[in-house]
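Here is a short briefing on one structure. Read it with the coordinates open.

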Amino acid sequence: MTAEAFPRLSAPSAARRKRLLSARAQEILMLAPASALIAAFLLTPFLLSFRIALTNERLIPRPVPAHFVGLENFAQVLSDPTFWQALWNVTRFTLMVVPVQCGFALAMALLLNQKLPWRNFFRGALFLPAITSMSVVCVIWGTLFQFPSGPLNQILGFLTFGLAGPVDWLGNVNTSMPAIVLLSAWQAYGFQMIVFLAGLQNIPNELYEAARLDGAKTWARFRHITLPGLRQTNVFVLIITTIQAFKLFTQINILTQGGPRGSTDTVVQYMYSVGFVDQRLGLASAVSILLFFFVLAISLIQRFVLRDRQ
Amino acid sequence: MTREGKNLLARASVAALALALGGLASGAQAANLKLMFQGDPFEIGVISDAAKRFEQANPGTTIELVNTPHDVYNEKVGAAVSAKALPDILELDAPFLANYVWSGFLQPLSGLIDQKLIDDMTPSDVSQGTYPPDKKLYAIGLTDSTVALYASRKQLESLKIRIPKGVDDAWTGDEFEAILKTLSTAPGVKWPIDLFRGYGAKTEWIPYAYEPILVSFGCDLINRETWRASGTLDGKGCVAATTAMQRWVKAGWVVPQSAGTNQFYAEGRPAALAWGGHWFYAEANKTMGDDVVVLPLPKFGAKGASPNGTWIYAISKTASDSAMAGKFLSFMLQDKAYRDGYRDHSGFPGLKSFAADSPLYAPGGPMATAFEQATKTAAPRPPHPGYPTITLAFQVAMTNIFDGADPQSELTKAAKKIDADIDDNDGYPPFGK
Amino acid sequence: MSAAASSSPPAADKLRIVKVASVVAITLVIISPLFLLAVASLKPDRFQILADMGSFKAFWVADPSLKNFADIITFSGPLPFGRYLMNSMIILAFTVTGGVFFNSMAAFVLAWGRLPGRALILMLLIGLYIVPQESIVLPLLSIVNRVGLADTFIAQILPFMASPLYIFLLYQFFIQVPRDIYDAARVDGARPFEIYWKVFLPISLPALATVAILLGIETWNQYLWPLMVTQTDRARPISVGIAAFFGADSIYWNYAMAASVMMMTPVLAFYLAFQKWFVSSVISSAVKG
């Protein structure tokens, strides 16, 4: 026990003030590299896009230079039914993919945390989808989903003894988004899985031992030790997976381009189409800013709901 | 200074020295040309070899190759323009020529390219490199492209369907629909035709492959005199064309988007005909051998129409040495090894002499009919600066029409969008009045 | 045979068999789509791959051949595969090393520092994570061009070293560290950096491994940004290099698939090396004392 454990009875000494200052300085220095990099490479271009959103800038500079158009781009986007459909679609996607992906990732993490033979091999194999680049994933799943006689449909016919007809997974408005959910969850669950794996390491084994000695069953152990122990990890995984889900783009761009009938159109796909294909950069920037505020609101709500109540 | 910085400085000094010495030694032309292009590995190899040979033949000149994957090609061009670092020689996708010329990036090729090369161009090649307002040639290419109708000879013969001998002999619109109907009930046929919807719902394939149907019906994506879309794109001809295509889809005659793009030659041949690009021949030929027969696209009206357009070369206005750039292009397009490379990868000819050397496309060859289209029916996509908007609007309209939407209202929506963009740019003078 | 082995009850054995069996079954189902990739890379004829697509033939190869791999390795001139691989590794090494340290330092300050405004900074970071890469790529490119960093390694390393995602991840881990450990270090007179370096880093190996792995994979598969910022092969990574196989008209499926397999191998090794750090951390034993 040192003097610092007791309440201060006199003004801080000069030596102590010096130590406090240099501690503060160290903190700033430690924050500095990451902050500088993020400010330069993420914040600055993002702020720049605010400026572009207020102009009618084009992808390829024109002889007639771009000019200021105020909030016109925002008005145009907000009055476009395609934008609202994209927003609704990506919300639907998020609501479906977050529980599926995170649930499966947690299950796999729990399984792979146990002492199993060839555990490293399984950890490697089950992580393979996460290593595969999205374009390759899309080619593979595009083939699997092929209608009418792709592998998935053939398996479906086999399992139902030919009763269920082939499904046009990517071409039917009702199954298009669920199909995307399936392939997205397949590709990305690995990320959440290793975050959960890392989180599980922090839960002391002694707690499990004590519970087992007390006769607690597997489910009770899970509910009262694992879940609370994973609390911080869960908060992180839920918030991050939600944000990632709202940014859905690559698989849509490769496989469905927003179809059929806009049922898989997402906000980022809409933004890409407007900005890179139609070349209206100002409009695209407005879309990305609207998406930002929408997802920010959701993340703040999430953080509030999931906050530590102690 | 960073290691990279030192490296850069060292290299720059060596280069400067070399340039200076080279200039002193030869005393003649010494240019440093930058060439921006895209291509698959074989093209990259063929082009780099040609560049090396040119450098040897012209000491003091260097060609710097900037290989840009075609995914974000336009974006890179835009970035280069903003950075005032446009390359000297630029490859571009034909439909974007008008956009680039209007934006002031390119200069006419006359006087820079060997005249005999210009004379060697097929009418299709000329049309895609020409800028309508001044009718000057801004781009040239060894290769071109087209779309033809593929079929199985055995299947057509067994169903007693006439096989056209050439472009003049093509099926008429009515004949074509009757044939589709016949095929729909033929044994083993799941879909009479594959329009390659499998390439995607938002892809350049849609205006590329389908606009000729509209043109053959007597309409167009945009009026090429007044350069406005309303009244043309949503006119009777286009509505009739797209209604016909919608009819085929509704009847279940067209391969759906999620069935992939290999149904023409997959086991059992579920698709009887294929509306495929010239590159499709190699795929089909591999599995079906000589049974593949290549037919001209049907003519739905008085005249038939076929697509064209590929990546062609232009010289930028800010080129450091336009004469040398032109010399390089003339050299490369006539270089034997360069031509052989493309011939071996079924490059579709844009130059008449190249066609004569390609067994595939020479008269009597399996793709001769397809090549005939380049002279007789090739119709370029609208060479207009607003092409990006035109293509996107048409892609959206066509996809919706395929899905059952009303053709008239979809085309009107698309036309309005195109005209709104034109108005946004004050008519793109000198295109608009 | 020790006495211990014969003392495990048969019920536990059965449970173990069920566990192992389910892991095997799940693994097979999960990785079965990847057989398509492996099989296609062993077919030297791209037209054959096209013909087999869409049916179960895509899962089967009649005469497997390593020709695709051999061709890619010997391409050199137009497609210097070795060079692309090397570039990717350079970018990976610098990004992950810098990333692990910069992100963890920042996370430590946010979790345990005394600086005012930390909560606000954290919220700002999470907010920035929302911004999709597609919307900042073009403004960023113009910045990079203006400072003359186009077509360099630096332009591909710096933007990704620090990331809100990893700072947030490490923050969540750091705040789980029991207060006693932090206080004990402070009592010894240690200042923030020492506490971070000597105490927190060693006990956070699983979290650091997670960041290394996730950042590593993200960096390795990074495509859009390198595509925009590289012009020549000088600093081009392999993700962009193999884009040439996805041609404009006709895709060289055999090379594209084989190249993808080759691209996945180094990062798989990277993952396997780091996942060894997923062992019970010292934290759990520190709680007892």
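Two residues are in contact if their C-beta atoms, placed from the backbone, lie within 7 Å. This is a predicted model: local features need pLDDT of at least 70, side-chain atom pairs count only at pLDDT 80 or more, and totals for chains, interfaces and linings use all residues. Residues are numbered from 1 along each chain as its sequence is written, while chains are lettered from A and ligands numbered from 1 in the order in which they are written.

**Helix α12 of chain A**
- Helices (H or I, at least four residues) and strands (E, at least two) are DSSP runs, numbered from the N terminus.
- Helix α12(A) spans residues 267-277, and eleven of its eleven residues are buried (20 or more other C-beta atoms within 10 Å of the residue's own, placed from the backbone; exposed is 12 or fewer, partly exposed in between).
- Among these buried residues are A:Tyr270, A:Met271, A:Tyr272 and A:Phe276.
- Its cover includes α3, α11 and α13 of chain A, α3 and α16 of chain B, and α7 of chain C.
- Just after α12(A), A:Gln279 has a positive phi of about 65 degrees.

**Strands of chain B**
- Strand β12(B), residues 292-295, is covered on both faces.
- B:Val292 and B:Val294 are buried on one side, B:Val293 and B:Leu295 on the other.
- Strand β9(B), residues 147-152, runs antiparallel to β12(B), with four bridges joining them (pairing needs at least two DSSP bridges).
- B:Leu149 stands opposite B:Leu295.

**Contact between chains A and C**
- Chain A contributes 80 residues and chain C 79 residues.
- On the chain A side, helix α1(A), residues 14-53, gives the most, with 22 residues.
- That side holds 51 nonpolar, 24 polar and five charged residues (nonpolar: Ala, Val, Leu, Ile, Met, Phe, Trp, Tyr, Cys and Pro; charged: Asp, Glu, Lys and Arg; polar: the others, Gly among them).
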